[in-house]
Amino acid sequence: MGIVTAASGASLWRGYEYYKAKKVKSFKKLSDDEYEGLVSGSLKEPYIVKINVARVRQSRCNCPHADGTRIICKHMVALFFTIFPTEADKYIKEVEQYEREEEKRWEEYCKSVEKYVKSLSKEELRQQLINYIIAEEENRRYW
């Protein structure tokens with residue numbers, strides 16, 4: 001399990017943004033698998049981040065989100081991408097590919113809805129609209 005697969009989607013994206021914004025101020029290699037760095041965050045002082053690429057859950061950051069936990073935070077991701085920029089490139093290509101596929105799925109869905117609506121008779125369309133309006137009102141009242 002790597003940093004990328006262990007991080008949440010939000011931490012991964014924010015970490016990528018931090019990487020692109022060059023928020024990693026410095027880093028050093030501690031061993032073949034361990035790196036330590038300083039990453040700017042919301043505090044005046046940068047966060048102290050330590051990542052272990054072989055044992056991901058041993059990675060640490062003193063930010064409020066990850067301090068004392070085994071959570072992979074955005075600062076760890078930013079450090080990882082800074083050390084391994086080809087991984088950042090791979091990640092963003094996967095995101096872009098997913099977005100293209102999602103757009104295609106959405107377009108296909110819209111076409112299928114249009115085809116379905118056009119296949120309805122006037123009375124069927126009226127009934128579907130009534131059902132939809134009632135269901136939306138029920139949802140509004142429930143929430």
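This is a predicted model: local features need pLDDT of at least 70, side-chain atom pairs count only at pLDDT 80 or more; totals for chains, interfaces and linings use all residues.
Q: How many bridges between E2 and E3?
A: E2 and E3 share 6 bridges, in the antiparallel sense. Within E3, valine 49 has glycine 37 opposite.

Q: And between E3 and E4?
A: There, 2 bridges join the strands, again antiparallel. Arginine 60 in E4 stands opposite lysine 50.

Q: What holds strands of a sheet together in general?
A: Backbone hydrogen bonds, in either a parallel or an antiparallel arrangement.

Q: Pick a residue in E1. Where does serine 26 sit, and what does it touch?
A: Serine 26 is in strand E1. Beyond four places in sequence, serine 26 touches Glu36, Gly37 and Leu38.

Q: How far is serine 26 from serine 119?
A: They are 62 Å apart, C-alpha to C-alpha. In sequence the separation is 93 residues.

Q: Now the core. How many residues does the largest nonpolar core have?
A: It has 30 residues. Val49, Ile51, Cys61, Ile72, Met76 and Phe81 have the most contacts inside it.

Q: Which elements supply at least two residues of this core?
A: Helix H1 (3–6), H2, strand E2 (34–39), E3, H3 and helix H4 (85–119). H3 gives the most, with 7 residues.

Q: Switch to serine 59. Where is it?
A: Serine 59 lies in the loop between strand E3 (47–52) and strand E4 (60–61).

Q: Why does serine 59 count as buried?
A: Serine 59 is buried because its relative accessible area is 1%, and the cut-off is under 20%.

Q: Which backbone atoms does its side chain meet?
A: Two come up. The side chain of serine 59 reaches the backbone nitrogen of asparagine 52 at 2.9 Å. A polar atom of that side chain also lies 2.8 Å from the backbone oxygen of valine 56.

Q: What else is serine 59 in contact with?
A: Away from its neighbours within four places, the contacts are Ile3, Lys50, Ile51, Asn52, Ile72 and Met76.

Q: Over to the rings. How many aromatic pairs are there?
A: The whole structure has 11. One of them joins tyrosine 16 and phenylalanine 81, edge-to-face, at 6.0 Å centre to centre with 80° between the planes.

Q: Where do those two sit?
A: Tyrosine 16 is in helix H2 (residues 9–20), and phenylalanine 81 is in helix H3 (residues 74–83). They are 65 residues apart, and the pair links distant parts of the chain. Both residues are buried.

Q: What about phenylalanine 80 and phenylalanine 81?
A: They form a tilted pair, 5.9 Å centre to centre with 50° between the planes. Phenylalanine 80 is buried at 9% relative accessible area. Phenylalanine 81 is buried at 0%.

Q: Which rings are linked into a cluster?
A: Trp13, Tyr16, Tyr19, Tyr35, Phe80, Phe81, Phe84 and Tyr91, through ring pairs.

Q: What sits over the ring of tyrosine 18?
A: The charged end of lysine 23, 5.0 Å from the ring centre.

Q: Last one: alanine 7. Where is it, and is it buried or exposed?
A: Alanine 7 is in the loop between H1 and H2. It is buried, with a relative accessible area of 11%.

Q: What is alanine 7 in contact with?
A: Leu12, Ile72 and Val77, leaving aside neighbours within four places.

How values were computed
Residues are numbered from 1 along each chain as its sequence is written. Side-chain values use heavy atoms; hydrogens and water are left out. Helices (H or I, at least four residues) and strands (E, at least two) are DSSP runs, numbered from the N terminus. Buried means under 20% relative accessible area, exposed over 50%, partly exposed in between (1.4 Å probe, protein chains only). A polar contact is a pair of N or O atoms within 3.5 Å; within protein, one must be able to donate a hydrogen and the other to accept it, and residues adjacent in sequence count only if both atoms are side-chain atoms. Contact means heavy atoms within 4.5 Å. Rings of Phe, Tyr and Trp (its six-membered ring) pair if their centres lie within 6.5 Å; planes under 30 degrees apart count as stacked, over 60 as edge-to-face and the rest as tilted. A charge sits over a ring if NZ of Lys or CZ of Arg is within 6 Å of the ring centre and within 35 degrees of the ring normal. A nonpolar core is a set of buried Ala, Val, Leu, Ile, Met, Phe, Trp, Tyr and Cys residues joined through side-chain atoms within 4.5 Å. Two strands pair if DSSP finds at least two bridges between them.
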